[in-house]
Amino acid sequence: MESILEQQRKAHEEIERLEQAIVDQFIKETKSVGLQHKERLIREHRVSDFLDRISSRSKFLHELYEDTDGARKTEIDALSGTSEFSEFYGRLKAIKDYHRRYPNETVEPLALEFINQSKQNGDDDEIDKLFSGEEGSGRFLDLHALHEQYVNLKNFKKTDYLTYLSEFDHFSDYPKEHKYNGEYLKYLKELKNYLESFFKRVKPLSNLDDIRNEAEREFNEKWAQGKVHGWEKQIGADDESTDLFCVACKKAYSKKTVYDAHLKSKKHIKSAKSMIEKGITSVDSETYEKLKKEVDEGKDKREKEIAFTEALIQKYAEVLGSQREDTKANVERKRALTDRERRMELETEEVDDVESESEDEDKIYNPLKLPLGWDGKPIPYWLYKLHGLGVEYPCEICGNYVYMGRKAFDRHFQEWRHAHGMRCLGIPNTRHFHEITLIEDAYALWEKLKSTGKTDEFKADTMEEFEDQEGNVFNKKTYDDLKRQGLL
């Protein structure tokens with residue numbers, strides 16, 4: 001079993017590596033403009049997972065530092081007491097015994113987990129599983145099921161899907177007397193749950209609780225003042241008269257005609273009969289007012305629940321305004337497409353997905369920046385060290401260009417860059433200047449060679465060679481003389 005201090009050390013290391021992993025995620029460059037949305041989603045979901053792990057490990061650390069059972073203090077006292085050496089050797093012996101019992105146990109360093117994390121390519125599939133095909137990886141809302149549910153509500157205006165996208169949060173346009181049925185409240189809750197779920201999937205780093213708390217605070221202020229849009233008349237009003245309250249059914253009515261129809265219904269007759277069987281033929285005014293107050297409080301509570309759900313949906317619709325507008329534009333665009341164009345669009349999306357997957361496969365993991373070999377992959381690290389490719393050789397004559405490895409450095413003296421630099425200095429690029437990289441040294445050697453007569457300047461007449469048709473080699477002067485005399 002690991003010691004308390006070792007558990008704390010591992011937790012601190014994991015938190016630091018998670019923080020560095022988050023930084024690495026944000027400095028990583030995107031591949032193309034078309035893939036920026038999906039890559040942003042992948043990055044934010046991965047960062048969200050890292051933050052959850054940091055929170056979990058921080059909570060674990062807090063519990064260890066609190067030391068409610070005193071185990072940490074006991075361990076520190078044992079390490080810093082008079083018998084610290086015996087404690088040390090006792091722990092060393094326990095470690096050796098453990099590895100002796102399990103000699104082949106594999107241990108994966110914590111750093112390796114985050115290295116493997118950068119190689120993983122399965123995040124695209126995970127993101128695709130989070131969204132439906134209509135949602136387009138979080139770019140659009142998919143309210144088809146909710147629109148169908150809304151259309152099936154009784155006494156509500158029927159609209160097409162595009163109009164519904166524009167008006168699904170216009171609750172003040174709905175008839176208030178039809179909002180009290182259970183189907184409407186069920187529809188509101190499902191719409192709220194979908195928007196919350198979509199928000200968490202498309203903006204994993206945003207805090208949904210803060211938005212909900214802000215909406216609740218604003219709603220409570222308006223509700224107390226009676227200024228909630230669409231519920232102004234219901235708040236603080238008591239329009240029902242005492243004659244429109246049914247004691248048997250414990251229900252109040254706002255219209256005389258509805259109340260009269262209720263008195264003739266089977267439900268009321270059954271409730272009244274049940275009261276008579278219990279021996280209750282009439283109620284006093286105090287009981288009547290108490291029952292009516294309970295009904296009013298229940299109704300007010302139900303109204304507040306419906307109004308708050310509507311306010312919450314309006315807040316979510318405001319936050320997801322860009323996705324909402326993109327959804328409307330996408331629906332209008334799809335309506336204008338023919339069946340053939342829709343099929344072509346689906347085929348194009350499939351091709352793009354395949355190309356993006358191939359780009360991911362072609363991406364080579366090369367954290368050490370090793371040179372690429374003949375197969376397009378980084379050369380082995382041992383070969384890199386063997387050839388000394390990590391050693392830098394700067395050359396001032398080449399404009400302070402740096403050559404990696406001795407072989408490249410030796411070869412560059414006969415290449416165009418060094419020859420051009422020597423030509424700019426007015427010095428011939430001969431073998432005397434091999435290994436000379438500083439301009440000052442090159443000038444000093446050139447002056448010394450000129451003074452000793454060992455310039456080895458290039459003379460075309462004597463140094464340039466020509467060959468005739470029979471393979472005989474002559475210098476330029478001899479070749480020109482023989483050709484001029486017609487002997488060649």
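Helices in this tour (H or I, at least four residues) and strands (E, at least two) are DSSP runs, numbered from the N terminus. The structure is a predicted model, in which local features need pLDDT of at least 70 and side-chain atom pairs count only at pLDDT 80 or more, while totals for chains, interfaces and linings use all residues. Residues are numbered from 1 along each chain as its sequence is written, and side-chain values use heavy atoms, with hydrogens and water left out.

Begin by selecting Glu-14, which is found in helix H1 (residues 4-27). Is Glu-14 buried or exposed? Its relative accessibility is 13%, so Glu-14 counts as buried, where buried means under 20% relative accessible area, exposed means over 50%, and partly exposed lies in between (1.4 Å probe, protein chains only). If residues up to four places away in sequence are not counted, Glu-14 touches Arg-53, Arg-57 and Leu-110, a contact here being heavy atoms within 4.5 Å.

Side chains of opposite charge can pair when their charged atoms come close. Arg-57 forms a salt bridge with Glu-14, with the closest N and O atoms 3.3 Å apart; the term requires a side-chain nitrogen of Lys or Arg within 4 Å of a carboxyl oxygen of Asp or Glu. This pair links distant parts of the chain, since Arg-57 is in helix H2 and Glu-14 is in helix H1, 43 residues apart. Arg-57 itself counts as partly exposed, at 23% relative accessibility.

Before moving on, select Glu-6, Arg-9, Glu-13 and Arg-17, which are linked in a network of salt bridges. In the whole structure, a search finds 29 salt bridges.

**Second stop: a loop and a surface patch**

Next select Asp-67, which lies in the loop between helix H2 (36-66) and helix H3 (71-80). Its phi is near 55 degrees, a positive value in a residue other than glycine. Most residues other than glycine have a negative phi, and most peptide bonds are trans. Asp-67 is buried, with a relative accessible area of 17%.

From there, select Phe-85, Phe-88, Tyr-89 and Leu-92, which form a nonpolar patch on the surface and together have about 460 Å² of accessible area. Patches are made of residues with over 30% relative accessible area and no salt bridge, with like charges joined within 9 Å and nonpolar side chains (Val, Leu, Ile, Met, Phe, Trp, Tyr) within 5 Å. The areas come from the Shrake-Rupley method with a 1.4 Å probe, and for residues only the protein chains shown count as cover. One of these residues, Leu-92, has its place in helix H4 (residues 84-101) and counts as partly exposed at 31% relative accessibility.

Which residues of helix H7 (residues 144-151) are buried? They are Leu-146, His-147, Gln-149 and Tyr-150. These residues cover an arc of only 160 degrees around the axis, which puts them on the same side of H7; the arc is that of the directions from the helix axis to the C-beta atoms. The face of H7 turned away from this buried side carries the exposed residues Ala-145 and Glu-148. The buried residues of H7 pack against helix H8 (161-167) and helix H9 (182-202).

Stay with His-147, which is buried with a relative accessible area of 14%. Not counting residues up to four places away in sequence, His-147 touches Thr-159, Asp-160, Tyr-161 and Tyr-164. The C-alpha atoms of His-147 and Leu-165, 18 residues apart along the chain, are separated by 8.6 Å.

Select Arg-212 and Asp-209, whose side chains meet in a salt bridge (2.7 Å, N to O). Both lie in helix H10 (residues 208-225), 3 residues apart, about one turn of the helix.

**Last stop: an annotated region and helix H19**

Finally, select residues 393-424, which the UniProt annotation "domain: Matrin-type" (unreviewed entry) covers. UniProt positions are given in the numbering used here, feature names are shortened, and annotations may be inferred rather than shown by experiment. Over residues 393-424 the chain is 47% helix and 22% strand.

End at Glu-440, whose place is in helix H19 and which is exposed, with a relative accessible area of 65%. The C-alpha atoms of Glu-440 and Ile-397, 43 residues apart along the chain, are separated by 9.6 Å.
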